[in-house]
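Please look at the sequence and the structure below before reading on. The paragraphs that follow lead from one part of the chain to the next.

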Amino acid sequence: LGLVLERLQDPGNLGTIIRTAVATEVQGIWLSLDSVEIDNPKVIRSSAGEWFRSPLVVESDLSALVKKYQAQGVKAIATLPTATKSHWEIDFTRPTLILLGNEGAGLSPQLAALADETVKIPLFGGVESLNVAIATAVILYEARRQLSVNS
């Protein structure tokens, strides 16, 4: 299970994602070059010390990375508000990269186009979107639930 994070700007979001990724045993986190600096003090602080245990890499070409893993049988799941499948309808029991984008703009069309499947988190009450760190947590815990049930 891995995370591919594109153009994240908020250091608090990245730190929270790192902490959640460690808690759910994510094996890799790749961050685009145009994201917040990984050594930003707020990233480290908001990760609650898990920054030092996280498998975090800054990657210059996320598209090439995704293609490399897909060639090895890893599926790529893009988070998109236009997706028709909910996060609980995705099979996370096989090796998976979860693609998440910028807080305001989401994933770039180039990265989204590489996805084997797309997923959304159903929202109610007129809410338009979730914070990227919260969305990551919701999806990671569904993936972890599926992996635990099937192990």
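Helices (H or I, at least four residues) and strands (E, at least two) are DSSP runs, numbered from the N terminus. By that naming, S35 sits in the loop between β2 and α2, and N40 is also placed in the loop between β2 and α2. This is a predicted model, in which local features need pLDDT of at least 70, side-chain atom pairs count only at pLDDT 80 or more, and totals for chains, interfaces and linings use all residues. Residues are numbered from 1 along each chain as its sequence is written, and side-chain values use heavy atoms, with hydrogens and water left out.

Is S35 buried or exposed? Buried means under 20% relative accessible area, exposed means over 50%, and partly exposed is in between (1.4 Å probe, protein chains only). S35 has a relative accessible area of 9%, so S35 counts as buried. N40, with a relative accessible area of 23%, is partly exposed.

What does S35 touch? Contact means heavy atoms within 4.5 Å. Leaving aside neighbours within four places in sequence, S35 is in contact with L5, E6, R7, L8 and Q9. A polar contact is a pair of N or O atoms within 3.5 Å; within protein, one must be able to donate a hydrogen and the other to accept it, and residues adjacent in sequence count only if both atoms are side-chain atoms. The side chain of S35 reaches the backbone nitrogen of L8 at 3.0 Å.

Two strands pair if DSSP finds at least two bridges between them. β2 and β3 pair in the parallel sense, over 4 bridges, and L31 has V58 in β3 as its bridge partner. From β2 the chain crosses through α2 to β3, and this β-α-β crossover is right-handed. A crossover is called right-handed if, with the strands pointing away from the viewer, the path from the first strand over the helix to the second runs clockwise.

Now turn to helix α1. The expected span of a helix is 1.5 Å times one less than its number of residues. For the 13 residues of α1 this gives 18 Å, and the end C-alpha atoms of α1 are 18 Å apart, which agrees. Because 10 of its 13 residues are buried, α1 is largely enclosed by the rest of the structure. Among the buried residues are L14, I17, I18 and A21. The elements that cover the buried residues of α1 include β1, β2, α2 (41-46), β3 (56-59) and α5. At the start of α1, a side-chain oxygen of D10 reaches to within 2.7 Å of the backbone nitrogen of G12. After α1 comes E25, whose phi is positive, near 60°.

Helix α5 can be read in the same way. Its 18 residues should span 26 Å, and its end C-alpha atoms are 26 Å apart, which agrees. Its buried residues, including A133, I139, L140 and R144, pack against β1, α1, β4 (75-79), β5 and β6 (117-119). At the start of α5, a side-chain oxygen of N131 reaches to within 2.7 Å of the backbone nitrogen of A133.

L140 lies in α5 and is buried, with a relative accessible area of 0%. Not counting residues up to four places away in sequence, L140 touches L1, L3, T20, A21, T24, V26 and I98. R144 also lies in α5; leaving aside neighbours within four places in sequence, R144 is in contact with T24 and E25. A polar atom of the R144 side chain lies 3.0 Å from the backbone oxygen of T24.

Last comes the interior. In soluble globular proteins, nonpolar side chains tend to be buried together. A nonpolar core is a set of buried Ala, Val, Leu, Ile, Met, Phe, Trp, Tyr and Cys residues joined through side-chain atoms within 4.5 Å. The largest one here has 27 residues, of which L3, L5, L14, I29 and I98 touch the most other members. β1 (2-5), α1 (11-23), β2 (28-32), β5 (96-100) and α5 (132-149) each supply at least two residues of this core, and α5 gives the most, with 6 residues. Apart from this core lies another, of 15 residues, among them L62, V66, L99 and A115.
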